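Welcome, and please take a look at the model below.

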Amino acid sequence: MAKARVKRRPSRGHFITFEGGEGSGKSTQIRRLAERLNGAKLRTIVTREPGGSPGAEIIRHLLLSGMGKLLGPDAETLLFAAARDDHVRTVILPALNQGTWVLCDRFFDSTRVYQGRLGQVPPGLVSAMQRVTIGDLKPDLTFILDVPVEVGLKRAAARRGSAAPDRFEAENVQFHQDLREAYKQLAAEDPQRCVLINADADADAVSERIWNVLRERLLATVPAASHA
Ligand code: Z5A
């Protein structure tokens, strides 16, 4: 009699997030890491917040236009949460459950830092929204890219050219300095998950720093030949 085929469930993919201030190089590094992982035959997608799903991209547009700011800090935070809820349900969880690695440009740490620590939205509200939108889902690894504020702002200005700054780019230098400190503090508070990367170097050097940490923390179980 033919043996019944047992369909094996793929093991869950890894969830990696990138955080940092303006112009810290997250998008550049996330693209490079995805290429490297896909090249090592580890199926990988890149996504971002706010946004990443059709519904959340609409909310992104509202938020970056400054519309959310007009509603006040709590309501603006609710908009970030609504976008995250859609993104997690329709993109992140389905991909992880299929065994795909998910690289996300910003996630809930951005809410904790921008809205919580800097925007003074009460911690109770930030935690409640976190429970509702992501439940038990936590990144396996979070890279926090750190650059001096003037370096990040210079990079962002060069990229923007003559276009107007968006809602967060328009904040003053003190805001960006506080942001940098808040991210450093976050890294110190959760060293199991968060790794602070010195991103004030050329893109190749930063990629190597990220790759070395990832290899050490997450690739130990993958055959060495596939990710040399
Ligand atoms: N936000 C929030 O408040 N609450 C939340 O819950 C969430 C987000 C999820 C989204 O902005 C804003 O939403 C964000 C926080 C807030 N606001 N800020 N600021 P976004 O998605 O439009 O932008 P961003 O996340 O801040 O990233 P960015 O400005 O696009 O920068 P980046 O991704 O970190 O950097 P990049 O695009 O890779 O590089 C910037 C430029 O520098 C570019 O021209 C590169 O070619 C260059 N670059 C990159 N790396 C290097 C190196 N190593 N050397 C030299 N030049 C480099």
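This is a predicted model: local features need pLDDT of at least 70, side-chain atom pairs count only at pLDDT 80 or more; totals for chains, interfaces and linings use all residues.

The protein chain holds nine helices and five strands. Read from the N terminus, these elements follow the order β-α-β-α-α-α-β-α-α-β-α-α-β-α. The radius of gyration of the protein chain is 18 Å, close to the 17 Å that the globule rule gives for 228 residues, so the chain is as compact as a globular protein of that length. Along the principal axes, the C-alpha atoms of the protein chain fill a box of roughly 70 × 40 × 35 Å.

Two loops are worth a visit along the backbone. Glu 49 and Pro 50 are joined by a cis peptide bond, with omega at about -10°. Pro 50 belongs to the loop between strand S2 (44–48) and H2. The other loop, between strand S3 (101–105) and H5, contains Arg 106. Although Arg 106 is not a glycine, its phi is positive, at about 75°.

Arg 106 also leads us to the ligand: together with Glu 22, Ser 27, Thr 28 and Thr 111, this arginine comes nearest among the 25 residues around the ligand. The ligand takes up the space of the largest pocket. Which elements give two or more residues to the shell around the ligand? They are helix H1 (26–39), helix H2 (54–65), helix H4 (73–97), helix H5 (108–118) and helix H7 (149–160). H5 supplies the largest share of that shell, with four residues. By residue class, the shell divides into seven nonpolar, eight polar and 10 charged residues.

| Residue | Protein atom | Ligand atom | Distance |
|---|---|---|---|
| Glu 22 | side-chain N or O | nitrogen | 2.5 Å |
| Gln 115 | side-chain N or O | nitrogen | 2.8 Å |
| Gly 25 | backbone N or O | oxygen | 3.0 Å |

Key. Residues are numbered from 1 along each chain as its sequence is written. Side-chain values use heavy atoms; hydrogens and water are left out. A residue is near a molecule or strand if one of its heavy atoms lies within 4 Å of it. A polar contact is a pair of N or O atoms within 3.5 Å; within protein, one must be able to donate a hydrogen and the other to accept it, and residues adjacent in sequence count only if both atoms are side-chain atoms. On a 1 Å grid over the protein atoms alone, a cavity is a set of points where a 1.4 Å probe fits but cannot get out, and a pocket is an open set with protein on both sides within 12 Å along at least five of seven lines; lining residues have an atom within 4 Å of a point. A molecule sits in a cavity or pocket if more than half of its atoms lie within 2 Å of its grid points. Ala, Val, Leu, Ile, Met, Phe, Trp, Tyr, Cys and Pro count as nonpolar, Asp, Glu, Lys and Arg as charged, and the others, Gly among them, as polar. The radius of gyration is taken over C-alpha atoms; the globule rule is 2.2 Å times the number of residues to the power 0.38.
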